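Trainee: I have a new structure to read. Can you walk me through it, one feature at a time?

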Amino acid sequence: MRHIYVHVPFCARRCSYCDFAIAVRKVVPADRYVAAVTRELETRKQNGEWDSEPLETLYFGGGTPSLLPPGHLADLIATITRSAHPLIRPSAEITFEANPDDVTPEAARIWVAAGVNRVSLGSQSFDPAVLAWMHRTHDAEAVPRAVQVLRDAGIPSLSLDFIFGLPTELNASFERDLEKAVALGPDHLSIYGLSVEARTPLARWISRGATTALSDERYADEFLLAHDRLTAFGYRHYEVSNYALPGRESRHNSAYWLERDYAGLGPAAHSMRRGVRSWNFAQWTAYERAAKGGSDPTEAREKLSERERRLERLYLGLRTDRGVAKAPWWTIERSREDLWTREGWLETTGDQYRLTARGWLRLDDLVASLTTSADGG
Ligand code: SF4
């Protein structure tokens with residue numbers, strides 16, 4: 001497999017907006033986790049699901065991967081890269097998601113020695129009141145401190161995550177967050193709009209009126225503010241939620257958007273192989289039980305039809321600034337194409353359609369209308 005994702009499900013507590021498949025643990029069962037993922041890898045190799053290809057990207061996401069003791073992460077990287085054949089390419093991208101308060105000089109030294117060359121920091125905000133509202137475990141000073149520690153340790157590529165579109169009563173200044181973020185000079189920024197997911201503390205707060213519902217207008221204003229500010233600073237807005245300095249795009253996430261096959265290890269991890277999508281048991285306990293016993297921890301598989309693959313190609317392509325090529329199996333109604341072009345939502349260069357930042361605000365509407373167009377494809 002050229003692209004491998006490893007899901008580390010543990011978090012110290014649940015953030016107020018999060019509905020991810022996580023396991024809240026005061027003490028991370030690191031030995032058991034590494035043993036279970038190692039066993040899953042062996043099972044997949046025995047089942048012939050592990051193609052021998054040079055590994056190009058390895059991504060540890062979560063959850064909170066940085067809650068794993070650094071030595072356990074190093075063991076896991078060694079196990080996975082040993083299983084890649086031929087040996088991992090020297091240029092492989094190894095990304096690790098970290099919470100700022102887990103970044104220490106000693107941990108960073110071990111991460112670098114293990115091969116980690118890209119760290120994505122879950123920063124989210126520089127406002128102490130917002131971080132407390134989000135139930136984050138780090139304080140506002142932790143982000144610049146972590147950036148410095150990672151740079152001193154020799155991590156060559158840093159990404160910072162931020163959230164916009166917060167409820168008005170928080171009086172948060174996203175503009176100030178952007179300024180502070182840019183001042184740290186990250187190679188990459190992921191900027192996500194807050195969304196209300198069922199069964200989260202945020203959804204409960206809104207339903208009982210303790211927090212105002214989110215405003216579409218504020219969402220749009222801040223999305224465009226990020227686009228204008230970050231592109232002015234030389235960042236390429238290369239995907240709806242992602243910005244990079246030239247050459248610093250996430251190669252792992254780009255593989256998803258380019259429809260490459262990938263393998264997922266760990267609870268809730270998804271895989272895509274030869275048109276078949278599969279996903280593991282999301283609950284840590286169910287996953288561990290299956291993996292430890294040598295069973296396949298896959299919960300379900302689905303083979304995508306040709307039509308589903310085409311629609312996915314359209315959707316993924318339109319999320320990126322490269323757009324999608326015209327093809328006989330999909331069309332945009334002429335009047336709609338004219339309207340979008342006039343409004344500055346869509347640009348056409350030769351055979352290539354791409355959405356502008358304003359167009360990305362209407363991505364779902366657009367894809368819904370293309371769905372109809374692709375029905376006969
Ligand atoms: S750290 Fe990330 S995965 Fe964990 S609860 Fe918070 S948002 Fe969810």
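Mentor: Start with how the elements are named. Helices and strands are DSSP runs, numbered from the N terminus. The model is predicted.

Trainee: Where is Gly63 found?

Mentor: Gly63 sits in the loop between strand S4 (57–62) and helix H2 (70–83). Look at the peptide bond there. Gly62 and Gly63 are joined by a cis peptide bond, with omega about 20°.

Trainee: Which residues are around the ligand, Gly63 among them?

Mentor: Gly63 is listed with Cys11, Arg13, Arg14, Cys15, Tyr17, Cys18, Phe20, Ile22, Thr64 and Arg136.

Trainee: How does the shell around the ligand divide into nonpolar, polar and charged residues?

Mentor: Six are nonpolar, two are polar and three are charged.

Trainee: Next, aromatic rings. How many aromatic pairs does the structure hold?

Mentor: The structure holds 15 aromatic pairs. To read one, check the centres and the planes. Planes under 30 degrees apart count as stacked, over 60 as edge-to-face, and the rest as tilted. Take Tyr33 and Trp284: their ring centres are 6.1 Å apart and their planes stand at 45°, so this pair is tilted.

Trainee: Which parts of the chain does the pair of Tyr33 and Trp284 tie together?

Mentor: Tyr33 belongs to helix H1 (residues 30–46) and Trp284 to helix H10 (residues 284–292), so the pair ties together parts that are 251 residues apart in sequence.

Trainee: Are Tyr33 and Trp284 buried or exposed?

Mentor: Tyr33 is buried, and Trp284 is buried too. Both also belong to one aromatic cluster, together with Phe10 and Tyr287.

Trainee: What do Phe126 and Phe162 form?

Mentor: Phe126 and Phe162 form a tilted aromatic pair, 5.3 Å from centre to centre with 40° between the planes. This pair links distant parts of the chain, 36 residues apart. Phe126 is in the loop between strand S6 (118–124) and helix H4 (128–133), and Phe162 is in strand S7 (residues 157–164). Phe126 and Phe162 are buried.

Trainee: Now the helices. How do I describe two that pack?

Mentor: Two packed helices are described by the angle between their axes and the distance between the axes. The crossing of H6 and H8 is right-handed.

Trainee: At what angle do helix H3 and helix H5 pack?

Mentor: Helix H3 (residues 105–114) and helix H5 (residues 142–153) pack at about 45°, with their axes 9 Å apart. That angle makes H3 oblique to H5. H3 passes H5 in a right-handed crossing.

Trainee: And backbone angles? Which value does phi of Asn171 have?

Mentor: Look for a positive phi in a residue other than glycine. Phi of Asn171 is near 50°, a positive value. Asn171 lies in the loop between S7 and H6. Asn171 is exposed, at 64% relative accessible area.

Trainee: What is phi for Arg199?

Mentor: Arg199 is not a glycine, yet its phi is positive, about 60°. The loop between strand S8 (188–193) and helix H7 (201–207) holds Arg199. Exposed means over 50%, so Arg199, at 75% relative accessibility, counts as exposed.

Trainee: Last topic: sequence against space. How far apart are the C-alpha atoms of Tyr59 and Ile94?

Mentor: Read both separations together. Tyr59 and Ile94 are 35 residues apart in sequence and 5.8 Å apart in space, C-alpha to C-alpha. Tyr59 is in strand S4. Tyr59 is buried, with 7% relative accessible area.

Trainee: How far is Ala142 from Asp102?

Mentor: Ala142 and Asp102 are 40 residues apart along the chain, and 9.3 Å separates their C-alpha atoms. Ala142 is in helix H5. Its relative accessible area is 1%, so Ala142 is buried.

Trainee: And how far apart are Glu299 and Asp102?

Mentor: Glu299 and Asp102 are 197 residues apart in sequence, and 32 Å apart in space, C-alpha to C-alpha. Glu299 is in strand S14 (residues 298–303). At 45% relative accessibility, Glu299 counts as partly exposed.

Notes: Residues are numbered from 1 along each chain as its sequence is written. This is a predicted model: local features need pLDDT of at least 70, side-chain atom pairs count only at pLDDT 80 or more; totals for chains, interfaces and linings use all residues. Side-chain values use heavy atoms; hydrogens and water are left out. Rings of Phe, Tyr and Trp (its six-membered ring) pair if their centres lie within 6.5 Å; planes under 30 degrees apart count as stacked, over 60 as edge-to-face and the rest as tilted. Helices (H or I, at least four residues) and strands (E, at least two) are DSSP runs, numbered from the N terminus. Buried means under 20% relative accessible area, exposed over 50%, partly exposed in between (1.4 Å probe, protein chains only). A residue is near a molecule or strand if one of its heavy atoms lies within 4 Å of it. Ala, Val, Leu, Ile, Met, Phe, Trp, Tyr, Cys and Pro count as nonpolar, Asp, Glu, Lys and Arg as charged, and the others, Gly among them, as polar. A crossing is left-handed if the near helix is turned anticlockwise from the far one by less than a right angle, and right-handed if clockwise. Axes are lines fitted to C-alpha atoms, for helices over the stretch in contact, and angles run from 0 to 180 degrees between N-to-C directions. Angles under 35 degrees count as roughly parallel, over 145 as roughly antiparallel, 65 to 115 as roughly perpendicular and the rest as oblique.
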